Amino acid sequence: MIKIKDLVHRYTIWENENKKSKKTVLDGISFDIPSGQFVAILGANGSGKSTLAKHLNVLLLPDEGTVWIDGKDTKDKEKLWKIRTEVGMVFQNPDNQIIGTSVEEDVAFGPENRNLPSQEIRGRVTKSLDAVGLQSKRKVSPSRLSGGQKQRVAIAGVLACMPKCLVLDEPTAMLDPKSREEVMKVVHELNQERGFTVVLITHHMDEAVGADQIYLMKEGHVVKCGSPKEIFCETELLRELKLDVPQVTELAYRLAEKGIPFKLPVLKEEDFVEQMKAVCQSEDIERGR
Ligand SMILES: Nc1ncnc2c1ncn2[C@@H]1O[C@H](COP(=O)(O)OP(=O)(O)OP(=O)(O)O)[C@@H](O)[C@H]1O
Ligand SMILES: [Mg+2]
């Protein structure tokens, strides 16, 4: 679905009116994301994650190298709108993405801009609101919604344009834990039940645990790629990149250091509870209870 080869991006920095310099922020990135995969991109502030995301729907073009979306080169001007349709972007701040005075008007905005017949638009709005579980809020003003609901409206707006791939740049950064959870649930459902390819940029390690692959970025490079289990074993590397491991993973590591027999890494709360129960049971047996 997404193929990147030797991508280099340089921003122009104007030091004053006459003097400019170039800053390389993506420095030879190559990877391949198959259709239907869920990829999480992690990296410290300034490592180039958002710049990379902007290459995926042609908000930026490569200075060197090539980005293909479903086989289409992003430098091909004739394919620009097709690519922008195929890759839907969701950003951090839901308030900046909402335009309509009602939820349905907002979700209809993308298809309306494509001059589609009104029946088709209504159908797409219904399907998109179903996908994010907000049909009941159809007539409500977005200003009356919670942050999580607003972000789900933003996702529905993207879905109404019928993309194949969703690129979400820190979609939960401004949300409370409950809203974060509801947005992540929708994103996982879209991937697992409806087959969307997902690229999720996040600073929340627990959101990366459910990904198929995690890419670690440092100073414009992808320094490591692997499954969540492979990545969260790399505690040294994560520390070097100023990233944490999920809280539950950290707790299991610490308990294992104290001699409690955990199978590491533990990524999810339910696995932690399972292993803890097994430990307690074997202690009971040893004490003859
Ligand atoms: N428009 C721009 N002009 C010049 N430099 C920029 C521009 N946008 C980003 N940068 C710089 O490029 C580097 C990478 O920025 P980018 O926003 O891609 O990082 P990021 O990994 O998304 O960071 P964060 O986690 O803070 O969102 C940073 O040093 C940033 O200051
Ligand atoms: Mg960013």
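Domain bounds here come from an automatic or database domain assignment. The model is predicted: local features need pLDDT of at least 70, side-chain atom pairs count only at pLDDT 80 or more, and totals for chains, interfaces and linings use all residues. Residues are numbered from 1 along each chain as its sequence is written, and side-chain values use heavy atoms, with hydrogens and water left out.

**Exercise 1. Domains**

Task: Find into which domains the protein chain is divided, and state what separates their centres.

Solution. 
- Step 1. The two parts are domain 1 (2-235) and domain 2 (246-289).
- Step 2. Taken over C-alpha atoms, the centres of domain 1 and domain 2 are separated by 36 Å.
- Step 3. Contact means heavy atoms within 4.5 Å. Eight residues of domain 1 are in contact with six residues of domain 2.

**Exercise 2. The chain as a whole**

Task: Describe the protein chain by its helices and strands, its span and its buried residues.

Solution. 
- Step 1. Helices (H or I, at least four residues) and strands (E, at least two) are DSSP runs, numbered from the N terminus. The protein chain has 12 helices and 10 strands.
- Step 2. The C-alpha trace spans about 75 × 50 × 35 Å along its principal axes.
- Step 3. Buried means under 20% relative accessible area, exposed over 50%, and partly exposed in between, with a 1.4 Å probe and protein chains only. Of the 289 residues in the protein chain, 47% are buried.
- Step 4. Among contacts with a separation of 6 or more, 62% are between residues 24 or more positions apart.

**Exercise 3. The largest pocket**

Task: Locate the largest pocket and explain why it lies between the domains.

Solution. 
- Step 1. The search uses a 1 Å grid over the protein atoms alone; a pocket is an open set of points with protein on both sides within 12 Å along at least five of seven lines, and lining residues have an atom within 4 Å of a point. Grid points are joined across faces, edges and corners, and a volume is the space filled by probe spheres set on the points.
- Step 2. The largest pocket holds about 820 Å³ of space. It is lined by 22 residues, and those closest to its centre are Arg-180, Asp-206, Glu-207, Val-209 and Glu-269.
- Step 3. At least two lining residues come from each of helix H7 (177-194), helix H8 (205-208), helix H11 (247-257) and helix H12 (269-286). H7 gives the most, with six residues.
- Step 4. Ala, Val, Leu, Ile, Met, Phe, Trp, Tyr, Cys and Pro count as nonpolar, Asp, Glu, Lys and Arg as charged, and the others, Gly among them, as polar. This lining has eight nonpolar, five polar and nine charged residues.
- Step 5. Domain 1 (2-235) and domain 2 (246-289) both give residues to the lining, so the largest pocket lies between them.

**Exercise 4. Helix H4 and the second largest pocket**

Task: List the buried residues of helix H4, then find what H4 gives to the second largest pocket.

Solution. 
- Step 1. In H4 (residues 103-113), the buried residues are Val-103, Asp-106, Val-107, Ala-108, Gly-110 and Pro-111.
- Step 2. Their cover includes helix H3 (94-97), helix H5 (118-131) and helix H6 (147-159).
- Step 3. The second largest pocket has a volume of about 670 Å³. Of its 22 lining residues, Met-89, Gly-110, Gly-157, Val-158 and Cys-161 lie nearest its centre.
- Step 4. H4 gives the most to this lining, with five residues. The lining divides into 11 nonpolar, eight polar and three charged residues.

**Exercise 5. Cysteines**

Solution. 
- Step 1. Cys-161 is buried, with a relative accessible area of 12%.

**Exercise 6. Backbone angles**

Task: Compare the burial of Val-58 and Asn-115, and find the cis peptide bond at Pro-265.

Solution. 
- Step 1. Most residues other than glycine have a negative phi, and most peptide bonds are trans.
- Step 2. Val-58 has a positive phi, near 60°, and is in the loop between helix H1 (49-56) and strand E4 (64-69). Its relative accessibility is 7%, so Val-58 counts as buried.
- Step 3. Asn-115 has a positive phi, near 55°, and is in the loop between H4 and H5. Asn-115 is exposed, with a relative accessible area of 70%.
- Step 4. The peptide bond from Leu-264 to Pro-265 is cis, with omega near -10°. Pro-265 is in the loop between H11 and H12.

Terms used: Chains are lettered from A and ligands numbered from 1 in the order in which they are written. On a 1 Å grid over the protein atoms alone, a cavity is a set of points where a 1.4 Å probe fits but cannot get out, and a pocket is an open set with protein on both sides within 12 Å along at least five of seven lines; lining residues have an atom within 4 Å of a point.
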